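Colleague: I'd like to learn how to read a model like this one. Can we go through it feature by feature?

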Amino acid sequence: MNTVDYLRISLIDRCNFQCQYCMPEGTELDYILRQELLSHEELITLLKEVFIPIGFRKFRLTGGEPLLRPGVVDLVREIASLPQTQDLAMTTNAFLLAGMAQALYDAGLRRINISLDSLEPETFGKITGNQGHWRWQKTWEGIQAAYRVGFNPLKLNVVVIPGINDHEVLDLAALSIERCWHIRFIEFMPIGNAQLFGELSWVPSEQLRQQIRERWGLTESTVRGNGPADVFQIPGAQGTLGFISQMSECFCDRCNRMRLSADGWLRPCLLNETGQIDLKTALRNGVDTTDLREQVSQLLMIKSEINFKQRDSGTEGIYTRTMSQIGG
Ligand code: SAM
Ligand code: SF4
């Protein structure tokens with residue numbers, strides 16, 4: 001069985017963007033009230049007394065937009081300073097990053113993934129729900145700041161949508177040539193209310209690789225991350241190209257992660273709500289962390305069955321939450 005030692009922690013479900021593939025128009029979100037968010041103290045208690053003792057060592061902060069979480073720098077400092085933390089990373093849209101990159105780095109964050117779906121300000125605005133050019137500009141400044149401060153590796157996530165940004169695949173891939181930037185192409189997944197996605201669809205990773213192969217050639221990289229990406233490289237490039245192909249390929253057997261939502265639900269599988277545990281309510285009701293540890297250990301034991309459940313049965317997953325609410 002795969003070792004599950006990686007927890008993706010959503011710090012907040014709110015976001016300053018409204019990406020078409022994440023919160024399509026018409027999405028009605030009941031945002032989590034501040035008092036219902038897992039507090040800093042509760043999160044640290046869960047890490048120290050539940051997750052770390054049963055073997056979790058790698059943590060990623062996400063959202064919604066994690067940089068909107070009040071006190072995010074302090075939280076990074078606390079998690080980074082736990083002696084058992086082997087890896088602490090963040091996924092952000094970088095809109096607020098330029099002013100925060102140094103503080104996050106100084107607090108102990110070393111790895112960052114930034115969503116950048118387009119190099120064209122107009123297309124970027126269309127994808128993220130705002131037509132202004134300044135949105136792309138601020139994101140780009142955030143990326144530059146992260147690079148200057150020394151985040152390494154710096155990964156850029158691209159969700160490729162036919163007819164919207166698929167004409168930019170080569171331009172985005174080219175960012176990996178001169179700098180040690182890792183570009184990761186992600187297949188769009190219809191999570192949330194599938195009807196709202198309308199015409200949005202996905203491009204199989206192999207099709208993208210073919211385009212890139214024809215232009216520059218492509219070799220399999222010896223570098224492999226913690227996650228599900230298949231990693232390749234343009235010959236001679238400084239950085240790499242990753243492909244996350246959850247639609248065209250099942251990688252459930254390599255899954256090493258669980259997800260904790262901003263309101264404290266532990267979810268064993270992105271595609272499936274089976275087995276979730278409401279850790280926040282349990283903590284607030286005074287349930288002992290020894291009991292919670294036991295419950296999470298039990299869930300770990302059945303995780304592989306839950307992972308496969310949706311795909312094996314051929315049924316749709318239960319998507320009552322959007323990616324921004326789950327913590328993608
Ligand atoms: N707001 C941050 C950001 O965008 O980087 C962090 C949260 S976002 C939910 C995390 C990642 O999920 C982003 O890289 C985003 O592109 C990806 N994502 C969101 N919705 C998706 C979908 N429907 N299919 C595939 N990836 C998706
Ligand atoms: Fe916000 Fe990230 Fe979702 Fe875009 S992908 S709407 S930036 S949470």
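Colleague: Let me start at a strand: which residue in strand 8 is the bridge partner of Thr219?

Modeller: The partner of Thr219 is Gln233. Before going on, some ground rules: this is a predicted model, where local features need pLDDT of at least 70 and side-chain atom pairs count only at pLDDT 80 or more, while totals for chains, interfaces and linings use all residues. Residues are numbered from 1 along each chain as its sequence is written, chains are lettered from A and ligands numbered from 1 in the order in which they are written, and side-chain values use heavy atoms, with hydrogens and water left out.

Colleague: How do I read strand pairing, and how many bridges join strand 7 to strand 8?

Modeller: Strands (E, at least two residues) and helices (H or I, at least four) are DSSP runs numbered from the N terminus, and two strands pair if DSSP finds at least two bridges between them. Here 2 bridges join strand 7 to strand 8 (residues 230–233), and the two run antiparallel.

Colleague: What order do the strands take in the sheet?

Modeller: It's an open sheet of 12 strands with mixed pairing, ordered 7-8-9-6-5-4-3-2-1-10-11-12. Strand 7 (219–220) and strand 12 (277–278) are the edge strands, each pairing on one side only.

Colleague: On to the ligands. Which residues come nearest to ligand 1?

Modeller: A residue counts as near if one of its heavy atoms lies within 4 Å of the molecule. Ligand 1 has 18 residues around it, and Tyr21, Gly64, Ser115, Asn157 and Met189 come nearest. Strand 3 (87–92), strand 5 (154–160) and strand 6 (181–187) each supply at least two residues of that shell.

Colleague: And which polar atoms lie by ligand 1's nitrogen and oxygen atoms?

Modeller: A polar contact is a pair of N or O atoms within 3.5 Å. A polar backbone atom of Gly64 is 3.0 Å from a nitrogen atom of ligand 1, and a polar side-chain atom of Glu65 lies 3.2 Å from a nitrogen atom of the ligand. On the oxygen side, an N or O atom in the Asn157 side chain is 3.1 Å from an oxygen atom of ligand 1. Taken alone, ligand 1 exposes 540 Å², and the protein buries 96% of that; areas come from the Shrake-Rupley method with a 1.4 Å probe.

Colleague: Which residues are around ligand 2?

Modeller: They are Cys15, Phe17, Gln18, Cys19, Tyr21, Cys22, Met23, Gly64, Asn93 and Ser324.

Colleague: Last one: what should I look for in the backbone?

Modeller: Most residues other than glycine have a negative phi, and most peptide bonds are trans. Here the bond from Asn152 to Pro153 is cis, with omega near 5 degrees, and Pro153 sits in the loop between helix 5 (133–149) and strand 5. Ala94, not a glycine, has a positive phi of about 70 degrees; look for Ala94 in the loop between strand 3 and helix 3 (101–106).

Methods: Polar contact = N/O pair within 3.5 Å; in protein donor to acceptor, adjacent residues only side chain to side chain.
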